[in-house]
Protein chains: 2
Amino acid sequence: MKYGYGVDLGGTTVKMGLFSDGGRLLDKWEIDTDVSNGGVNIPTDIGRSILADMNKHSFSRSDYLGVGIGVPGQVWPDGTADAVNLGWRRLPIIGQLEELTGLRAVGDNDANTAAMGEYWQGGGKGCKSLVLVTLGTGVGGGIILDGKCLQGAHRAGGEIGHIPVNPGETRLCGCGNRGCLEQYASATGCARLAMDALAGSGAPSTLRSERKVDARAVWDAAKAGDGLALEIAGRFCDILARGIATVANTVDPEVIVIGGGVSRAGQLLIDMTAERYRRYAFNPCKNTPIVLAKLGNDAGMYGCVANLL
Amino acid sequence: MKYGYGVDLGGTTVKMGLFSDGGRLLDKWEIDTDVSNGGVNIPTDIGRSILADMNKHSFSRSDYLGVGIGVPGQVWPDGTADAVNLGWRRLPIIGQLEELTGLRAVGDNDANTAAMGEYWQGGGKGCKSLVLVTLGTGVGGGIILDGKCLQGAHRAGGEIGHIPVNPGETRLCGCGNRGCLEQYASATGCARLAMDALAGSGAPSTLRSERKVDARAVWDAAKAGDGLALEIAGRFCDILARGIATVANTVDPEVIVIGGGVSRAGQLLIDMTAERYRRYAFNPCKNTPIVLAKLGNDAGMYGCVANLL
């Protein structure tokens, strides 16, 4: 048995875990992300934390596969990384981690490592290909084909949040375009769909008495049978289903995994999306399973270790 | 130097070519496709034609890479093929070709071999990844990533003709869904867009005096500066651009190649599509080149030989 460290680097915390090569999470912990000084202290903080953990065990150096890291940005083939939110610009993260720990290091974008994690030990375990759709503040994605992450010629592989789904949209997406999937099928998109529905309809709804109508409130009300909330949820799932059908018709994965904060809505979200997906998907892909992500916030760490295998 | 045979099997003719491994087409010819008796004579006809060509040359058996075939259907890993239009159902085409010619044989779907051909020696030559969009009676596609064709879990990889682009469509697509890309961005789709525009507008147009308003008439009139034809062409390219942007945001290819009968409209089609594509594509993919296919009807044969390399 060999061991690997998975490091999921976020803007506020760094999630770290020790895994067996068989995919067992043996221990996990977090440290703060120090974004001061353009994030230059981050590699040292991570390296020290790994060294401290290595000292707790009596493994020899050859027992380790290495350190995998997921970065909220790009990791380039030369081992440098860009990450706007951390202040990183071509920071040589891979070389620094190798020097600090004495272990081999590999890195990738954090959406890709999450997809890789769900592929290895989560909702796509046992499958050869997978699309992960992450419904959070925005919509992210990652595509794994034959065990390899689809990076893309400009590192935009799996950026399905910016699929154009509504040519009539007048509001701008964060990316500068109009009518992107992310403008509807994210937590913020769900809240916006709710605002529009509440303003455009006189129907009674428990949502009208909510102090804050966010995605969670919509899905809670939908689960409780609120008619207007179910309508909003239906529109959310319809747009999401069209986006997923589009991706499925293009890359035809074995399974589609839904993760991110909004996926806490659970099986109702899956069922409503799957029903609509079957309307839009091309015949051979109509029965592609749509399942919930299984690893939650740990997916990235898992994927970082999968990248070491 | 080695040699390979490329066999592009269609419903009426079989296009055959002898290639060098460097990608030169040395000779090409056609034979009729005999669809009688469930297409059982096709393998023998192809085998005989290859043997006759081999007899014209003094190459030894080891000078040949083999025979690659593209089938209007599926070629399965066990070497059998399904092709509805030929009457094939699990016909053991690969084994039969190997027995008949004494050469190694490989096969794939014809849309995939066309993509492989454009990747090897056509519009994508020198690139690592490519999406081929074929605008014919329908819309077909093929995706090549790192030199390998994306097959998909249900052999539906690259079936971008059935991307849902218009949830409001009431007319059925041939696939049974509504609002597929193919309903607009194909030759038949272009003719339908033209009918709708002519019926819905009183604007003068040279198209009104055409006996038959097909895709060719629309593009000819557009090139001659006809206002209504340019509007129809604009709508055609807008929908096509959205479809392409969707695919680009998903797989992020190095180049997008446009082929098929409608692509004979040429550079105007490319320019009008590219301009709209840049509106819909995600930032990193905005400058992905969109180019015309280069190999025309020979693309499939080229790809069949590329599959032997």
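Predicted model: local features only at pLDDT ≥ 70, side-chain atom pairs only at ≥ 80, totals over all residues.

Biologist: Which way do strand 1 and strand 2 of chain B run, parallel or antiparallel?

Modeller: Look at residues 3-9 and residues 13-20 of chain B, which are strand 1 and strand 2. One spot to check is Gly6(B), whose bridge partner in strand 2 of chain B is Gly17(B). As for direction, the two strands run antiparallel.

Biologist: In what order do the five strands of the open sheet in chain B come?

Modeller: The pairing in this sheet is mixed. Strand 3 (25-32) and strand 8 (105-109) of chain B are the edge strands, as each pairs on one side only. Neighbouring strands are turned by 20° against each other on average, ignoring direction.

Biologist: What angle does helix 1 of chain B make with strand 2 of chain B?

Modeller: Helix 1 covers residues 42-56 of chain B and lies across strand 1, strand 2, strand 3 and strand 4 (64-71) of that chain. Helix 8 (residues 299-306) of chain B packs on the sheet too, touching strand 1, strand 2, strand 3 and strand 4, and its direction makes about 135° with that of strand 1 of chain B. For helix 1 against strand 2 of chain B, the angle is about 35°.

Biologist: Now the two chains together: which element gives the largest share of the side of chain A that touches chain B?

Modeller: In total, 35 residues of chain A are in contact with 34 residues of chain B. On chain A's side there are 17 nonpolar, 12 polar and six charged residues. The elements giving two or more residues to that side are helix 6 (227-251) and helix 7 (267-280) of chain A. The largest share, seven residues, comes from helix 6 of chain A.

Biologist: Is Asp146(A) buried or exposed?

Modeller: Asp146(A) sits in the loop between strand 10 (139-145) and strand 11 (148-149) of chain A. Its phi is positive, about 50°, although it is not a glycine. It has 11 other C-beta atoms within 10 Å, and 12 or fewer counts as exposed. So Asp146(A) is exposed.

Biologist: And what is the phi of Arg90(B)?

Modeller: Arg90(B) is in strand 7 (residues 88-91) of chain B. Arg90(B) is exposed, with 12 other C-beta atoms within 10 Å. Its phi is positive in a residue other than glycine, near 55°.

Notes
Residues numbered from 1 in each chain as written. Chains lettered and ligands numbered in written order. Pairing = 2+ DSSP bridges. Helix = DSSP H or I, 4+ residues; strand = E, 2+ residues; numbered from the N terminus. Axes fitted to C-alpha atoms, helices over the stretch in contact; angles between N-to-C directions. Contact = placed C-beta atoms within 7 Å. Nonpolar A, V, L, I, M, F, W, Y, C, P; charged D, E, K, R; others polar. Buried ≥ 20, exposed ≤ 12 C-beta atoms within 10 Å, placed from the backbone.
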